[in-house]
Structures are given as C-alpha cells and as structure tokens.
Amino acid sequence: MKILIKNGTVLTAEDEFRADVLTDGEKITAIGTDLPENTADRVIDASGKYVMPGGIDQHVHYSFVYKGSRVRGFETTNACTVGGTTTVVEFVNQEKGRGLIESLSDYDRNYVKGISMVDYAFHPVLTDARPEVFEEIKDLPGIGCITMKLFMAYKGQFFHADDETIIRALAAGKEAGVTVMLHAENADMVDYLTKKLIAEGKTGAYYHALSRPPIVEGEATQRAIRLAEMCQAPVYIVHVTCREALSAIKEAQQKGLPVAGETCAHYLLFDESSLALPNDEGAKFVCSPALRTKDHQPYLWEALRNGWLNAVSSDHCGFDWAVQKHLGMGKGCTFADIPNGAPSVQNRLNAIWTYGVCEGKLSRQKFVEIMSTNPARINGLAGKGHIAPGYDADIVIFDPDYRGIMSANTCLEGVDYSIYEGMEQKGRPETVLLRGKVIVEHGIYTGKKGDGKKIFCRKDQ
Ligand code: URP
Ligand code: ZN
Ligand code: ZN
C-alpha cells in the first residue's frame, strides 16, 4: 500500500518545510514537492497540518503493581495512538526467583504480543539481585534490550535496589553496552519522613509531597551519578522533577560525564497543590517523585531547551481512582497506601504542544526532538523518530487548529480519570500511521489489536 501525504509542513528535530511524503509498505520512501498522485493507493491532504514522526514514550508502565493494585495493560494502548504515540518502551519487573530475560519473554508472550496496538520495546527492571542475574546483563543486547532500570526508591517493596546492587548493575551494564536507568529517590529518607508524618497524624494525599521533598531526589541523583562515575558507566535519570536533581545532572554533564535524563509532562504542568484537592481528588496525583512547587517548573523547561534533559515521557500508570487510588485512602489508610502513578499516556503530546509549544516555551523542532527523535536514539529504536526516506512510516498528521478540552470521557486509557481533566487542548493528531498503516482517522482509533510489533533495540542506531 502506497500512501501519499500531500501539502503538509514536515517537522523534524532540525527543520520544518513544505513537502509531500510518500510511504510504501512500512517505510517512508520519498519526500519532495509535487510528488505524483497517480502511483499512490491513497492520497491524504495535509494542507494546514504538520507532518511529524510518531511520538515515542520511553517511560510507560503497563504491568506495574503497587501494594496489590495492578495497572491496566497493553489492551489499552489504543490510547497511545489517538494521542500520536506510535511506540512505547515498557518497564518489565524481573519476577522473584526468575531471570531478567525469562521474565521479559513470558511477559511479552502472555500480555503484549498480539495485543499491543503500538510498537513496543522493553526496559528490564532488576529486582532480584542474585549473582546469576548480573551475568545475564551481557545477554540483554542479544535480545534487543540496551537499557535496564533499577529503583533506588520504594524501601520495603521487592523492586527496591540498594547501592551495591546498583553498582553491580552499572558495572555489568558498562561491559555489555546497556545503559542503566535509575529512579533516583533516597528510600531511607522517604521512609523516615513517611513514618514521622503519619505519627503526627498527617495522613492525607498532600503529605505524599512532604514525605519525599526535593532533597530526597537531589541526594539520590547526586549519588547515582557518583556510583556511575566510579564504574565509568553511563547513567540515565528517569522522571527528573526539581532544581536539586537538575543541578547534579548539569554539573556532571559539564564535567563530561555520560549522564542524561528525562522529565515527565505532569512535572512541567502540575504542582503540589493538586495533591491538596478536596474529597480525596488529591490521590489522583500521587506519583513518585512527587509533584513539586511551581518554582521548579521554569528550570525543567529551561533544561529541555538546553538539552540538559533530553525527553518528556508520560510515566503512564493506568490505575483508576474510584477503586484503586481512592480506596487506598480508606479507613486506616494513609498517603503511603495510595498506588504511585497516574494515567497520562494519551495526552502527552497534546499537553506539551498546548502548554509548551503554543506558549512559546519550546520550539516545534524541540518538541519533535524530545517527544520522538531523542527517545528513538536513547533506546536504540532504529528507523524510528524521524521523517526521511528509509525510516518507518510512523507518522502523525497534526492539526494545529483543533480546539478541545481534555477529559477522561475522551480517553481510551481504560481508567476513570484523567489528570488533564478540563484543561484546554490546542491541536490534535488527526491522522496517525503506524509503519504505513492508518490507525487513527479524524482523531478516532481505526487500527486493531496486535498491530504493534516488538522492536529490537540496537546501540548507536
Ligand atoms: O509514581 C510512579 N512514578 N509510579 C510508577 C513507578 C515509577 O516509580 O516509575
Ligand atoms: Zn520511577
Ligand atoms: Zn515510572
């Protein structure tokens, strides 16, 4: 099938220009002006629209379990498509007593393959630090994984990793060409503050923020960088939220250390006052690290503009409010019982376009870079993240004139709330192609279960 996208403005991370884009099968085959219509099976008029590479969300959770609550799975990935995301990278926890690779392949077979509606790759998460697990790290590139993750946070949970585990993972990752990603929060500081707040009767959702203030993230980010420096290994800090963490990252980068990081849309757009919403609505915004005070946000935008942070992810967690997050606040419960994480995959592009690009905080090129091109490079997603001949035809035709209101009612995330409820939306992905197949038309999902395929990640794509 050949599709010709006519008269749009092509956006890349470097440039924008009027051009037609031709796809043939799964690939982009030509870009030019006045490409002939008669050889195409279908012509899409993109006049007045932007033509950009499909979004890549490198930080999603479709299998996260927090104190017994499990998020919605890959059967809800149609939400990605209508939001312009065509590839996700999912964190897969190693199961207790099993290997990283075994856990990944079982998860793929049972919960992802034949179900995902977008392309996908995996970050294995090391949770069970037996000696043979570190041996496995050298085999990860052979199964298409060039990243892995550990959690410095969450003391008492099976996925928490201590410094020794992190050092051993960094050292093995360095040998194998696997970049370690870290959730950087000091678990003991959080544990101490949590117990203290609860003992003082401060149990509501707002106290989640006070139990993990910026110093908790700043200390762990600094330590993560020092551990990586000792191992001469690269390190990637996920969901950076605050000045303290940013200054550690910037200082390391200025010293020439291979340290990089991302932030998430909610840290740019919401602050800790959301946690104080009445009637337990604050529970909707419980995620870790916690939302910060507003004064951190200009630093995050600046870090994106300057490349100190190189991506904006969703950290999507499809928990719903009424049954999971709200009941977490039932009788005798405290903020520490609320599942951490919020649904947000669908509106990542819409929110950052509306409140970043339209408000002059980011250029359109930077938008493409942090939403697609950089995540493709960081995760070794060869053939993705750019509009050029030879690349996968993962394409978003974006209508900048669309106006709407974001709401759970129009979300396909399979949960009962949206953190973006009631917020204005400027622009939307009108048509979306996944490897040459139209999967969204007029903003409506038209693809089918299993359209997504697993992508083999390669270093230096
Ligand atoms: O609160 C969050 N972010 N939940 C998901 C797991 C994680 O920490 O990334
Ligand atoms: Zn995390
Ligand atoms: Zn996460």
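This is a predicted model: local features need pLDDT of at least 70, side-chain atom pairs count only at pLDDT 80 or more; totals for chains, interfaces and linings use all residues.
**Exercise 1. Which protein atoms hold the zinc ion (ligand 2), and what is the geometry of its site?**

Step 1: start with the donors. The protein supplies His183 through ND1 and His239 through NE2, both lying 2.0 to 2.1 Å from the zinc ion (ligand 2).

Step 2: look at the angles. The site has 4 donor atoms, and the angles among them run from 58 to 147 degrees. A tetrahedral call needs all angles between 85 and 135 degrees, so this site ends up as irregular. For reference, the ideal angle for four tetrahedral donors is 109.5 degrees.

Step 3: Histidine 183 sits in strand β12 (residues 179-183), while histidine 239 is in the loop between β13 (235-237) and α8 (243-254). They are 56 residues apart, so the pair links distant parts of the chain.

Step 4: check burial. The cut-off for buried is under 20% relative accessible area. Histidine 183 comes out at 0% and histidine 239 at 2%, so histidine 183 is buried and histidine 239 is buried too.

**Exercise 2. Work out what coordinates the zinc ion (ligand 3), and how far it lies from the zinc ion (ligand 2).**

Step 1: list the donors. They are His59 (NE2), His61 (NE2) and Asp315 (OD), at 1.9 to 2.1 Å.

Step 2: read the spacing. Along the sequence, the donor residues follow H-x1-H-x253-D.

Step 3: Histidine 61 belongs to strand β6 (residues 55-61), and aspartate 315 to the loop between β16 (312-313) and β17 (316-317), 254 residues apart. Histidine 61 and aspartate 315 are both buried.

Step 4: classify the site. Angles of 89 to 135 degrees among the 4 donor atoms make the arrangement around the zinc ion (ligand 3) irregular.

Step 5: get the metal-metal distance. The zinc ion (ligand 3) and the zinc ion (ligand 2) are 3.7 Å apart.

**Exercise 3. How do helices α7 and α8 pack: roughly parallel or roughly antiparallel?**

Step 1: recall what to look for. Two packed helices are described by the angle between their axes and the distance between the axes.

Step 2: take the values. The axes of α7 (residues 214-230) and α8 come within 7 Å and cross at roughly 20 degrees.

Step 3: apply the cut-off. Angles under 35 degrees count as roughly parallel, so α7 and α8 are roughly parallel to each other. The crossing is right-handed.

Step 4: see who touches. On the α7 side, the contact residues include Pro214, Thr221 and Ile225; on the α8 side, they include Ala245, Ala248 and Ile249.

Definitions and conventions:
Residues are numbered from 1 along each chain as its sequence is written. Chains are lettered from A and ligands numbered from 1 in the order in which they are written. Side-chain values use heavy atoms; hydrogens and water are left out. Donors are N, O and S atoms within 2.8 Å of the metal (3.2 Å for Na, K and Ca); water is not among the atoms, so sites may look incomplete. Four donors count as tetrahedral if all angles lie between 85 and 135 degrees; four count as square planar and six as octahedral if opposite donors are over 155 degrees apart and all others between 65 and 115; anything else is irregular. Helices (H or I, at least four residues) and strands (E, at least two) are DSSP runs, numbered from the N terminus. Buried means under 20% relative accessible area, exposed over 50%, partly exposed in between (1.4 Å probe, protein chains only). Axes are lines fitted to C-alpha atoms, for helices over the stretch in contact, and angles run from 0 to 180 degrees between N-to-C directions. Angles under 35 degrees count as roughly parallel, over 145 as roughly antiparallel, 65 to 115 as roughly perpendicular and the rest as oblique. A crossing is left-handed if the near helix is turned anticlockwise from the far one by less than a right angle, and right-handed if clockwise. Contact means heavy atoms within 4.5 Å.
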